[in-house]
Amino acid sequence: MEKENVSYVQIHNLNKSFAMKEGELKVLDNINIDIRKGEFICILGTSGCGKSTMLRMLAGLDTLYTGEVKVDGEEVKGPNPNIGMIFQESRLFPWMRVRDNIKFGIKKGVSKEEQAELIEKHIELVGLKGFEKSYPHQLSGGMQQRVSIARSLIGNPKILLLDEPFGALDALTRMNMQQETLRIWEKEQATMILVTHDIDEAIYLGSRIVILSSRPGKVKEIIDVDIERPRKRTSKEFAELRNYIYNGFFAGMDNE
Amino acid sequence: MKRKKRLSDYWWVCLWVPCLFILFWQYAGSAGAFNTRVLPTPGIIFDSFVKLIQDGVLQKHIAISLQRVIQGYIYGSLAGILVGALMGVSPLIHRSLSFFTGILRPIPIIAWFPVTIMLFGIDETSKILIIAIGAFWPVLINVIDGIHNVDKKYIEVAEVFMKPKHTILGKIIFPGAAVSIFTGLKVGIGNAWVSVISAELLASSSGLGYLISSSRELAKPGSMMVGVFIIGIIGWAINTLLEFLMKFILPWNVNDKR
């Protein structure tokens, strides 16, 4: 797929408020983000900054907002077959085996043979060969999230939304999953939009990082990450960017 | 890592209380602590049991009671699943029926018995109807609860994948409610068993309930106690069977392992 310069996902003048007893609570304040096809966008912010809410709008799960949310030139009015979403919890169906959970993501109109092929391919893609017949409760948290990723990828979405997908995993598994995600991103050429509160994760994964402030969520800065891949977490540039982001946006929060 | 087996890990631990109970009972009876012509000792009960088996009487009564329970249970639980599914899925049907069922449900099964006898006479129909009513309510309530308590997060996943309604129902809502439905079926069979004995005690010429009441009238306390304990043993067997079935049908359900 060639890289296009025209923005693929457009978020323009997006505002979102929740109605509370005491009046309106503004969660997103005039957000403008343009995302190119094939980009890996990380949206970085503390909890409560509305980043997950924004992702739900892109997924078509929340349509009560003002402003524009467009994907491929079309307004998002509800769930869209081209958009997949991965939640913080894997949300696998406990009553389905790994194979059937992944199969759930297949779109209709795919023949039986093709289905089997697709499942095979995606189980391999996320490195879960041999676990097809396991139930989710028999897998570790990291493996469950892999199944969830396979379930989303099997429908071949053009855009994958990831809502703090590794937040519940331990540090080592998380790094492992980040690496896997990058590998999949490079292989599948999908546009990925990942929400996180982990600065390292954003730097390691993102083509660009969108930094959101808290209450209401506002775009503070959009940073191009120019560090060459594969990125090293211990490299000087990595540390510099980490310091820049931390000092510029999140310092002082320790003492709060 | 293998944990060292504790005493509570062995199944036969469940036997010592009944054994002690029987021994104590036998001993107290032999020592003359109570009148064994009113309350027979385990030994007398066992003799009656052997005699009832030899005469083929016990098997006959058990077969009749079981047949009634199975018939009534099938009707009652199917109706419970059907109505429960409709009420669980459709808010309109739920609203329409909740007041009606709310009034009917607290009525004890026994209270329906004179009504069914008036309507159908003292034959099988009235007994099976009573059993069906007994099985119906717990199934209904648990099916509705199970459907309502399916995690909305799973439904959201299906929405992201743009799955049609029938897929959401068949692959998410019903499997998600399955554990609760099974609980209803378990309570339902218990109720059905209670119902059949009650019906047979009140008006019948066969079945385990009849065995108990007729033995009392004929002053045969041994046979009477055989009837009482057989009810317990069969009830236990049914429950064990259902639990086994549940493990078999819902192998993913690990929440209520003991």
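Ser126(B) sits in helix H6 (residues 124-148) of chain B; helices here are DSSP runs of H or I with at least four residues, strands are E runs of at least two, and both are numbered from the N terminus. This is a predicted model, in which local features need pLDDT of at least 70 and side-chain atom pairs count only at pLDDT 80 or more, while totals for chains, interfaces and linings use all residues. Residues are numbered from 1 along each chain as its sequence is written, chains are lettered from A and ligands numbered from 1 in the order in which they are written, and side-chain values use heavy atoms, with hydrogens and water left out.

With a relative accessibility of 1%, Ser126(B) is buried (buried is under 20% relative accessible area, exposed is over 50%, partly exposed is in between, with a 1.4 Å probe and protein chains only). Its side chain gets to 3.0 Å from the backbone oxygen of Asp123(B). Beyond neighbours within four places in sequence, Ser126(B) is in contact (heavy atoms within 4.5 Å) with Thr116(B), Ile117(B), Phe120(B) and Gly121(B).

Elsewhere in chain B, two helices meet. The axes of H3 (residues 57-89) and H9 (residues 208-217) of chain B come within 7 Å and cross at roughly 130 degrees. Axes are lines fitted to C-alpha atoms, for helices over the stretch in contact, and angles run from 0 to 180 degrees between N-to-C directions. H3(B) is therefore oblique to H9(B), since angles under 35 degrees count as roughly parallel, over 145 as roughly antiparallel, 65 to 115 as roughly perpendicular and the rest as oblique. H3(B) brings Leu58(B), His61(B), Ile62(B) and Ser65(B) to the contact, and H9(B) brings Leu208(B), Tyr210(B) and Leu211(B).

Now for where the chains touch. Chain A puts 22 residues into the contact and chain B puts in 18 residues. About 1900 Å² is buried between chain A and chain B, with carbon and sulfur atoms giving 73%; buried area is the accessible area (1.4 Å probe) that two parts lose on being put together, summed over both. On the chain A side, Arg91(A), Trp95(A) and Phe104(A) lose the most area to chain B, together 37% of what that side buries. Met162(B), in the loop between helix H7 (152-160) and helix H8 (165-202) of chain B, is partly exposed at 40% relative accessible area. Not counting residues up to four places away in sequence, Met162(B) touches Pro79(A), Asn80(A) and Pro81(A).

Key. Polar contact = N/O pair within 3.5 Å; in protein donor to acceptor, adjacent residues only side chain to side chain.
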